[in-house]
Amino acid sequence: MRCAKGCVEDLRRIERMQTFAEFEVLLARPGPWVGGFDFPFSLPRELARDLGWPVAWAELVAHCAAMSRLELRAALDAYRATRPVGAKYAHRATDLPAGSSSPMKLVNPPVALMFHEGAPRLLAAGVHLPALAQGDGRRIALEAYPGLLVRRQLGIRDSYKSDTRSEHTPARRAVRRRVMAALQAGKPLGITLRIAPTLAKQVVAEGAGDLLDAVICAVQAAWAATRPAYGIPASAPAGEGWIVSA
């Protein structure tokens, strides 16, 4: 996927990756590239401060990577138990404008576990993470979030995907078709998606929504590539990261 000066996105192919090893190979792929990745890159500063964990990104990621999944889960569960009703989850500054879940969340979706697997691999790969860590300037990794584009920016509230095959309904397929049509019309970010009809049909047909989410992440990354500082505000708290286009 490449963005030309006219802000046209050419989607040429979609690669499917089934293992973390394949993801690591992708991160190591020589640049130049800009990628959008749908998982939280960091945790709320409030959480790190309250637990006495490092607040600098690399140190925080290394600290969490040294824990097992069960240990991280237990730490987050115990922290949540200390918080008042109605405020059980700490949030990053980017979560409210993006409409994203707290990176503390362990279910529906388990984004804390996604952070636990993804962030250490970003750190190990040495990619450049704007507003988080200096790295190889020809390999740029950005935090993306399809729900931001669909719900907040396009205003589509109807569900467009499900992991349950019985819920792969015509109604959800129609919503995916609406999202694709908007992207092809240059909405909502001013990046016009150009995609072969056969590939577009595959994206719309896939009921889990993984292909459409991948397309949205790429469009968000393309938008960021056209913006100063990748569209990340100077006010973004250090060490928390930012969801592009929020």
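Where is the place of Tyr-230?

Reply: Tyr-230 lies in the segment after α10, where helices (H or I, at least four residues) and strands (E, at least two) are DSSP runs numbered from the N terminus. This is a predicted model, in which local features need pLDDT of at least 70 and side-chain atom pairs count only at pLDDT 80 or more, whereas totals for chains, interfaces and linings use all residues. Residues are numbered from 1 along each chain as its sequence is written, and side-chain values use heavy atoms, with hydrogens and water left out.

Although Tyr-230 is not a glycine, its phi is positive, at about 60°. Its relative accessible area of 23% makes Tyr-230 partly exposed, a class that lies between buried (under 20% relative accessible area) and exposed (over 50%), with a 1.4 Å probe and protein chains only. Ala-131, in the loop between β4 (127-128) and β5 (136-143), also has a positive phi, near 75°, and with a relative accessible area of 44% Ala-131 is partly exposed. For background, most residues other than glycine have a negative phi, and most peptide bonds are trans. The bond from Asn-108 to Pro-109 is cis, with omega near 0°, and Pro-109 sits in the loop between α5 and α6. Lys-187 and Pro-188 are likewise joined by a cis peptide bond, omega being about 0°, and Pro-188 belongs to the loop between α8 (170-184) and β6 (192-195).

The loop between α5 (95-98) and α6 also holds Pro-103, which is buried at a relative accessible area of 1%. Beyond its neighbours within four places in sequence, Pro-103 is in contact (heavy atoms within 4.5 Å) with residues including Pro-40, Leu-43, Arg-92 and Val-111. Pro-103 and Pro-40 are 63 residues apart in sequence, yet their C-alpha atoms are 6.2 Å apart in space.

In α3 (residues 57-65), Trp-57, Leu-60, Val-61 and Cys-64 are buried. They cover an arc of only 95° around the axis, and therefore lie on the same side of α3; the arc is that of the directions from the helix axis to the C-beta atoms. The buried residues of α3 pack against α2 (45-51) and α6 (111-125).

The axes of α3 and α6 are 9 Å apart, and the two helices pack at an angle of about 130°, which makes α3 oblique to α6. Axes are lines fitted to C-alpha atoms, for helices over the stretch in contact, and angles run from 0 to 180 degrees between N-to-C directions; those under 35 degrees count as roughly parallel, over 145 as roughly antiparallel, 65 to 115 as roughly perpendicular and the rest as oblique. The crossing of α3 and α6 is left-handed, meaning that the near helix is turned anticlockwise from the far one by less than a right angle, while clockwise would be right-handed. Among the residues making the contact are Trp-57 and Val-61 of α3, together with Phe-115 and Leu-122 of α6. By class, the residues of this contact divide into 11 nonpolar, one polar and no charged, where Ala, Val, Leu, Ile, Met, Phe, Trp, Tyr, Cys and Pro count as nonpolar, Asp, Glu, Lys and Arg as charged, and the others, Gly among them, as polar.
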